[in-house]
Amino acid sequence: MEASTDPPMRLLLLALIASSSSSTSSSSSSSSTSPAPTQNFYGDSVSFMPLQSRRDNTYQVTFHRRQNGLCTQQTHWGEKGGWCQSERRTTATVSTNHTSFSMRESGCCWTSNVDGRTNWTSHVELDLGSRSDSQALNGCPVSTTVSSLRVPQNCFSRIQLLAHDPDGDHVRCRFASNASAPANFTMDETRCELRASGPVAVGDHVFELFLEDFPHKNLTLRYAGGASLWREASDVNAAPLCKVMLQFSMKILPPIASCEAGHRLPVFLSQTPAHADVLFATIGHMFQLSARARAHHTSIYDFQVSGPQNMNKVFKDDPNGEAEVTLSWTPELRDLYRCVPVCFTAETNETQSDMRCVVVIVTKAAVTQGNASVTCSPNKMMVALEKASMLGIDVNYLKLRDSSCSLTANATHILAVMSFSTCGTKLEDKGDFLIFNNEINSYVLPTEVIIRRKKVTIAFNCQFPKTISISSYFNLQNSEYIFTESSFGSFSYTFEIFTNSNFTSKVAASAFPVQVQLLEMIYMGIQAESDLPNVSLFVESCKATPDDNPDNTLSYDLMKNGCQMDDTIIIHKSNETSFNFEVQAFQFTENYDQVYITCSVMLCEAGSPFSRCAQGCLNDPSPRRRKRLAGRETVGHFVTQGPFQFVRQAVPNRAQTKKSDPPAAGNPPPLHPDIKSSKAVLGIKEALNTNISTVVFASTFCVSVVLMAVLIGYPMGKRKAEDRKSLLVSQWEN
C-alpha cells in the first residue's frame, strides 16, 4: 500500500508478514522550508528512529529521508552552484503481527553520469524483532553524505563513509546487486571505505550501496505474535538484521598541482570532532558543533553540511587560510532518542576536504524544581541550578546522594558534575530506555539546634535509548569517575588497563573482560584531571576482589595506607597527576576465575606539607586519624577496573612429556607478613606449593621403601642366621 506523502516523494511501505494480510498506513510531515522540487537525482539516505510499541498492537516506525539535488532556490543546506539537501520526516504504523518492515521507492533520473545510469531505487528492510541483548526493538545503521562530493582525479584514494549502528552491530557496506560499481572503484565492506583500484574517469559517478548490520554475539529475536528466531553471530549466510540503501554522486575533477593536505586540499584541524564520533544533545537545549580547517595556498569559502532540519550554520574565515564553521541545533521533543548523522566538508573553488561525519544522539534531561539545566554526556551528567530561582539556599550545605560529593558555585549558578558510576547515581531500567538519576539534598550539621535556610531536594536525571552502543558507555572499561567538591571544583579520575610497560596503548573496550594468565604482568594506570592547576594525585590503597564490590570481605591488599603490600608491584610515577603500576597476575582460591582491582584515590594541593599526599606511606595508620585539611585535599574516592579473567593453561599429556624437558623454575615472590585473612594467592605461590608437595611426596616414598626393605630384610636375615647355626650344631653333634 502506498503511503500518503507530499509529492514528489512516493514511498511504498510493505509490511512483510508470516501469516497476515493487515495493511499499513502512514503519514508524512514536511517543513515549511522545503526546497523546490529537484531537477535531477543526486542521491539520498534514510535514518530510522527507535521503533515504538503502541497499546493498540502496532509499531510506530519513524524515519528521516535526506535527498540531494540541484535546487532552483537555496533553502535547506543550499551551497554555491545550486546544490541543496532536503529532509523529510515520515511516520508509518505497522501491525505487530508483522515480523519486518520494508520501504521501496524508485524513479528517474540520476544526474548525467559517466556510467550512463538513469533509474534509481531506494530500499530499506528492517527486522521488527525484540533483541535479547538489549530488550529493545531492532534498529538500522545510520549514514548520510553531503550533497556534493568533489575530488581531483590525481588526489582520490578513498572516502570513509559513516556506518554507525545504534544496536552496536557490525556494519558491512556493499554495492547493490543491481548497480555495479563504476570502473576502478572498489568497496572495503568491513571498513565501509570507497577506494580506487586504478585511474578513475573525470566526470560524475553515481553509487548505490547497502549498509547491512550483523550481530557481534548470538542473540534471539522475539516477535509480538510469540514467534522467535535464534541468530548466531558466526552464521555468514544469515540475512542482515537491517539493510538500508545509501545513494550519492561524486564528481571527479581534473587533476590539480598538489595533493598535499593543507596545501590546496583543505585539512581539518584538531578542534574538529573525529570521524564517527558520537556526540549528545538534550531536548530543549542548544547543541553546538564546531569544525575548523586550513588550506594555505587557497581560500576556504564555505563548509558544506548535511544535518537535521533547522540546524543553523555560522561561517568565519581569516587571511591565514583557516576557516571555521559553527553548527547550532535545538532538538525538539519529537527528536528524543534520535540518532542524527551530521557530515561536513570544507570547500574551495578547486576541491574540498575529506568528508567527516559524526552521530548526534538526542537524550532527555529532567529536574524536579528550580530553574536548572541538565547536560547529558556519554558517561556523565552536569546540573546547573540558577541561584535566583532558589532563594535561601546555601551551597555550603548541599550535597549529592553520596555525601562525599559536594557542589560548587559561581556568581549565578550552583554546579555539580558526576559520572554515572559515582556520587550515588542510580540506574533505572524503563524498558525501551535507561534513566540515570541523582538528587541535590540540603543537610543539617549534627551540632545545629536551629537553622534559617531552606531544606530542598532537587532530583534530576538523564535518559538514554536502551541500545548496546549506548549502554556500553557505562561499563567499567570506560571508567571515568567525575566528582565535584566545593573547594576543588570538578575533577575526575580515569582508571585504564594498558598493553605494555610503556603505558601508551590502552586495552580496547572490545577486549573486556581482559584475559590474562597466571604470572603475567598486568599494566594499569590512574590519571587525574582537575579544574585547579596545582594538584597532586595520591593513591592510598589498592585491593583485589573477586567481584566489583570493593566491600567484599574476600579481598587481597596490593597497597594499604600508601604502602606497597605486594612484592610484585612496580610503580611508574611519571608526574603529579598520574600513577602507573604493574603487578603480577594472581587469582583467588575456591574456583574464582575473575579479579577486580579497586583503588582509593584523592587529590591534594601541591606542596602542602600537612596533606595526606605529603605523608605518603604510613606503616602505623594511627596518624591518619586527623581532621581532613578542608581546601587542601579531597575526600578519598574509589575507582574500579576489571574484570581480569584467567585463562587456564592446558595440562600436557603425561605420555607425551619428555623426561629431558624439566619444568622451568621460577623465583617466587615472598608473601607480605601483614597479610592475615586474605585468601588471595599469587600464581607463583601455587607453583611453589606444587613443587614442595612433589618433593615431600617423593621423599616420603623413598623413606617408605627403605623402611619396608629394612622390615622385610631383617627377619629374613635373622632366619638365615638361625638356619646356619642349626646346621652347624647338627653337624657338631654328629
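Trainee: Where does proline 643 sit?
Mentor: In strand β46. Helices (H or I, at least four residues) and strands (E, at least two) are DSSP runs, numbered from the N terminus. Residues are numbered from 1 along each chain as its sequence is written. This is a predicted model, so local features need pLDDT of at least 70, side-chain atom pairs count only at pLDDT 80 or more, and totals for chains, interfaces and linings use all residues; side-chain values use heavy atoms, with hydrogens and water left out.

Trainee: Which kind of peptide bond joins glycine 642 and proline 643, cis or trans?
Mentor: Cis. Omega is about 5 degrees. Cysteine 108 and cysteine 109 are also joined by a cis peptide bond, with omega about 20 degrees. Cysteine 109 is in the loop between β7 and β8 (119–127).

Trainee: Back to the sheet. What is the order of its six strands?
Mentor: β37-β46-β45-β39-β40-β41, an open sheet with mixed pairing. Two strands pair if DSSP finds at least two bridges between them.

Trainee: Why is one side of β37 and of β41 left without a neighbour in the sheet?
Mentor: β37 (514–516) and β41 (563–564) are at the edges and have a single partner strand each, so one side of each has no neighbour in the sheet.

Trainee: In which sense do β37 and β46 pair, parallel or antiparallel?
Mentor: Parallel, over three bridges, with β46 covering residues 637–646. Valine 514 is opposite phenylalanine 644 in β46.

Trainee: What about valine 601, buried or exposed?
Mentor: Buried, at a relative accessible area of 0%. Buried means under 20% relative accessible area, exposed over 50%, partly exposed in between (1.4 Å probe, protein chains only). Valine 601 belongs to strand β45 (residues 594–605).

Trainee: What is valine 601 in contact with?
Mentor: Leaving aside neighbours within four places in sequence, its contacts include Tyr493, Ile526, Phe538, Val635 and Val639. Contact means heavy atoms within 4.5 Å. Valine 635 is 34 residues from valine 601 along the chain, and their C-alpha atoms are 8.4 Å apart.

Trainee: New topic. How many residues are in the largest nonpolar core?
Mentor: 109, and Leu194 and Met250 have the most contacts inside it. Strand β18 (residues 242–253) gives the most to this core, six residues. Another core, of 25 residues, lies apart from it and includes Val325 and Tyr337. A nonpolar core is a set of buried Ala, Val, Leu, Ile, Met, Phe, Trp, Tyr and Cys residues joined through side-chain atoms within 4.5 Å.

Trainee: And leucine 194, what does it touch?
Mentor: Not counting residues up to four places away in sequence, it touches Phe156, Phe185, Phe207, Phe248 and Met250, among others. Four of those turn up again: ring pairs link Phe156, Phe185, Phe207 and Phe248 into a cluster.

Trainee: How many aromatic pairs are there?
Mentor: 15. Rings of Phe, Tyr and Trp (its six-membered ring) pair if their centres lie within 6.5 Å; planes under 30 degrees apart count as stacked, over 60 as edge-to-face and the rest as tilted. Phenylalanine 185 and phenylalanine 207 have ring centres 5.1 Å apart and planes at 80 degrees, so that pair is edge-to-face. Phenylalanine 185 is in strand β13 (residues 185–188) and phenylalanine 207 in strand β15 (residues 203–214), so the pair ties together parts 22 residues apart in sequence. Phenylalanine 185 is buried at 4% relative accessibility, and phenylalanine 207 is buried at 1%.

Trainee: Why is the pair of phenylalanine 303 and phenylalanine 315 tilted?
Mentor: Their planes are at 55 degrees, with the ring centres 6.0 Å apart, so the pair is tilted. Phenylalanine 303 is buried at 0%, whereas phenylalanine 315 is partly exposed at 26%.

Trainee: Last one. What does the side chain of glutamate 105 make a polar contact with?
Mentor: The side chain of arginine 65, at 2.9 Å. A polar contact is a pair of N or O atoms within 3.5 Å; within protein, one must be able to donate a hydrogen and the other to accept it, and residues adjacent in sequence count only if both atoms are side-chain atoms. Glutamate 105 is in strand β7 (residues 98–108) and is buried, at 7%.
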